[in-house]
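Thanks for passing this one along. Have a look at the model first, then my notes.

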Amino acid sequence: MLEKEPVQQRGFHNVFQNGRPVGFQVRYRSTYYRGVWLSMSTGFEVTVDGEKFSGDQIRVTIGGKTYTQEEMKKIGNVQWPNYEAAILTVTQPGGLALGVHEVGVRWGHRTSYIPGGMSLGASAPSVRKLVLVY
């Protein structure tokens, strides 16, 4: 079940590889009122305690499949439904310290009915304090 806030507490945790933390994950619920084709996304930016992560540092999982942000822009047949939170996996050697963090997610997307490549949703990030427990 989705939480009301776009930045979700559920699923906020460090990611481990060979027993070592290599990054973290945070879930983000679209603020758009309907599903969005992945090719309409202009990208994600994640900020944790003032540190920004973007581009190749973030992989996005939708519908159980993981994409780079560049791959998303080229995929025309995959939709991100508004009832599913995207899983953002951020590369951060050592992960994050346990405890409370201020997490912001900025997401930009285009809509087919707005001409000229205008971007919606990229102006202000959704920010929330989250607790990291593992």
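Below are my comments, point by point.

1. Ground rules first: this is a predicted model, with local features needing pLDDT of at least 70, side-chain atom pairs counting only at pLDDT 80 or more, and totals for chains, interfaces and linings using all residues. Numbering runs from 1 along each chain as its sequence is written, and side-chain values use heavy atoms, leaving out hydrogens and water.

2. Start with strand β4, residues 41-48, where 6 of the 8 residues are buried (under 20% relative accessible area; exposed is over 50%, partly exposed in between; 1.4 Å probe, protein chains only). Strands here are DSSP E runs of at least two residues and helices H or I runs of at least four, numbered from the N terminus.

3. β4 runs antiparallel to β10 (residues 99-109), with 7 bridges, and E45 has R106 as its bridge partner there. β4 is also antiparallel to β5 (residues 51-54), through 4 bridges; T47 sits opposite K52. Pairing takes at least two DSSP bridges. In the β4-β5 hairpin, D49 has a positive phi near 50°.

4. Salt bridges (Lys or Arg side-chain nitrogen within 4 Å of an Asp or Glu carboxyl oxygen) number 4. One of them joins R128 and E3 at 2.6 Å, N to O. That pair links distant parts of the chain, 125 residues apart: R128 is in β11 (residues 126-132), E3 in the segment before β1.

5. Another is K73 with E70, at 3.4 Å, N to O. Both lie in helix α1 (residues 69-74), 3 residues apart.
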